[in-house]
Every structure is written in C-alpha cells, then in structure tokens.
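Please read this briefing alongside the sequence and the model, keeping in mind that the model is a predicted one. The points below are grouped by topic.

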Amino acid sequence: MLNVANGNYLNNARVTIDGTTIETFTNSFGEYTLGGVPSGSVTVRATFTGLAPETSVVVLAAGQTAVRDFNLARPGQSKEGEAVVLDAFVIGASKEMDGRELALNEQRYAANLKNVVSSDEFGDMAEGNVGEFLKFIPGITIDYVGADARNISVRGMPALATPVMVDGAPMASAASSGASRIFELEQVSINNVSRVEVTKTPTPDIPASAVGGAVNMISRSAFERARPLFNYRTYLNWNTEEGFFDRTNVGPGRGSSV
C-alpha cells in the first residue's frame, strides 16, 4: 500500500472486508494479508488517516488467493493517469505534513495510550539533540545541564525509571556520572529519527522499569519509500564584528590583510 503523494509505503493502514469483522493492518513495507475471506464477490476497503479511503471488488473462488494493491491519496488529489475536476477553493496558509498523518494514524490505532509525533513537523533541532524535540510532547520533562538537554522523564518519574528505546530495543546506558539506568540524549541524533512514541500506559512488550512510561524512537529507513529521496543541508557561519569584508590586523605588526 502506497502514498502516491510522496512514494512512502503506508504502515498501519487499516484493511477490512465490508460486511464482515475481518480486518488487518499493513506492516512497515505496506504489505498486508487477510485470512478467512469468504468466497464470492467481496469489497476490500483500505483506510489511512488523512488520506481518502479506497475500495476494490475482488471475486474469489474457494481456496483461491488474490493480490490487491492500493495507492491512496489525499481527497481531491490526482493519481497517475487520472484527471481531477476542482470545485471552488480558497488558498490557505496551512502546510501539508506527511509525517503528521503518519503519526496520527499510529496514535489512532495504538493498543494503549501513547503520543506519536513525527520529527518532520518541527524541522531542524539545535545540535540534532532529540531532547529539543521531545520537550514539546505532553508528559515529558527534559533535564538540562547548562544549555544541553541531557535526560528524559515521563509523568514526573525520575529519568532512571524512564526506559528509552530505538525500534523497540532498549538503549544501553552511557551515563557520564557513573553506572546508572539513566539514558543520556547525546547518544542519538534527531537526523536518524522518523517519529517518536511516548507510551504512558505500558504494555507487556515494554520493560518493567517503565514506571511512568517509556520513549520509543523509530529510525528512518530507506525501505519506507517506493522511490528515492535526497535531502541535504548547508550551513554558513559569519562574524561581522569587525566589519563586512573589512581588513583585519595580522601577526604582531600593524599590517592588515583582507
């Protein structure tokens, strides 16, 4: 299952059979499998938060296997080879966020109470520190050492009672102050994070040390997209204290140079 706007595979898209209780969700590669589908003509429905739902009629014989792909788009958005007739519209100042739709869908179908936020919504962070991004999520407190975001705590519990995971695997502690369960944010960068899940009601797959909750960072993956994407950044550091392209003193003498 694919998002035609950006070429991303849709994770956790909901696939159902109309008129039945049969449903499933796609994996991170946009793949899904429906079992126990009755024979005859059935209507397969695919939905994803922020995108227009799509249906397809499939005729199945007993014991037969069928393959049906879905390419979802925003309401009114054209797909390849299709024409769209537009009604009257008003241009607004809102910015479309593909990452926001992904995060909302993950949060909508979560099995527990959690917040899911896409890192694309906030743009660049100072020094790539994940803490500067996490501090905007409800229930999160960031402990600072000077101007440096260092530790995470959830729902008022200490940082040592807040496990931090990457793709569901707990991160090892590398606390600079000695042996500890505390995770320090210098170990990861926001550039490698696709979205962050903050769980406030632990499930059996979350470590028992998650007294107040847990933080899970989902890594970016090239396999989330059907077509390549290239991003780059440039930085410029300029000091105009001594003038703009002015001459400055060099060496111990009184000479100057550009």
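**The aromatic pair**

- The partner of Tyr32 is Phe70, and the two rings form a tilted pair, with 6.4 Å from centre to centre and 40° between the planes.
- Tyr32 sits in the loop between S3 and S4, whereas Phe70 sits in the loop between S5 and strand S6 (71-72), so the pair ties together parts of the chain that are 38 residues apart in sequence.
- The C-alpha atom of Asp69 is separated by 8.3 Å from that of Leu2, although the two residues are 67 residues apart along the chain.

**The four-stranded sheet**

- Four strands make up an open sheet in the order S3-S2-S4-S5, and their pairing is antiparallel.
- Strand S3 (23-25) and strand S5 (51-60) stand at the edges with a single partner strand each, which means that one side of each is left without a neighbour in the sheet.
- On average, and with direction ignored, neighbouring strands of this sheet are turned by 20° against each other.
- The antiparallel pairing of S2 with S3 runs over three bridges, and within it Thr16 has Glu23 in S3 as its bridge partner.
- S2 and S3 also form a hairpin with five residues between them, and Gly19 in that turn has a positive phi of about 85°.
- S2 pairs with S4 in the antiparallel sense over four bridges, with Arg14 standing opposite Thr47 in S4.
- Strand S4 (residues 40-48) pairs with S5 in the antiparallel sense over eight bridges; Gly40 stands opposite Leu60 in S5, and Thr43 stands opposite Val57 in S5.
- The hairpin formed by S4 and S5 has two residues between the strands, and Gly50 in the turn has a positive phi of about 90°.

**The nonpolar cores**

- In soluble globular proteins, nonpolar side chains tend to be buried together.
- The largest nonpolar core here has 21 residues, and those with the most contacts inside it are Leu134, Ile140, Ile152, Val196, Val215 and Met217.
- The elements giving two or more residues to this core are H2, S8, strand S9 (148-154), strand S10 (164-166), strand S12 (193-199) and strand S13 (214-219).
- When neighbours within four places in sequence are left aside, Leu134 is in contact with Ile140, Ile142, Ile152, Val196 and Val215.

**Gly139 and its surroundings**

- Gly139 lies in the loop between helix H2 (131-134) and strand S8 (140-145), and its relative accessibility of 36% is the reason it counts as partly exposed.
- Residues up to four places away in sequence not being counted, Gly139 touches Ser153, Val154, Arg155 and Lys200.
- Gly139 and Gly213 are 74 residues apart in sequence, yet their C-alpha atoms are 9.3 Å apart in space.

- Most residues other than glycine have a negative phi.
- Arg155, one of the residues touched by Gly139, is not a glycine but has a positive phi of about 55°.
- Arg155 is placed in the loop between S9 and S10, and with a relative accessible area of 51% it is exposed, because the exposed class covers values over 50%.
- Asn12 is not a glycine either, and it has a positive phi of about 65°; its place is in the loop between strand S1 (2-3) and strand S2 (14-17).

Methods
Residues are numbered from 1 along each chain as its sequence is written. This is a predicted model: local features need pLDDT of at least 70, side-chain atom pairs count only at pLDDT 80 or more; totals for chains, interfaces and linings use all residues. Side-chain values use heavy atoms; hydrogens and water are left out. Two strands pair if DSSP finds at least two bridges between them. Axes are lines fitted to C-alpha atoms, for helices over the stretch in contact, and angles run from 0 to 180 degrees between N-to-C directions. Buried means under 20% relative accessible area, exposed over 50%, partly exposed in between (1.4 Å probe, protein chains only). Contact means heavy atoms within 4.5 Å. Rings of Phe, Tyr and Trp (its six-membered ring) pair if their centres lie within 6.5 Å; planes under 30 degrees apart count as stacked, over 60 as edge-to-face and the rest as tilted. A nonpolar core is a set of buried Ala, Val, Leu, Ile, Met, Phe, Trp, Tyr and Cys residues joined through side-chain atoms within 4.5 Å.
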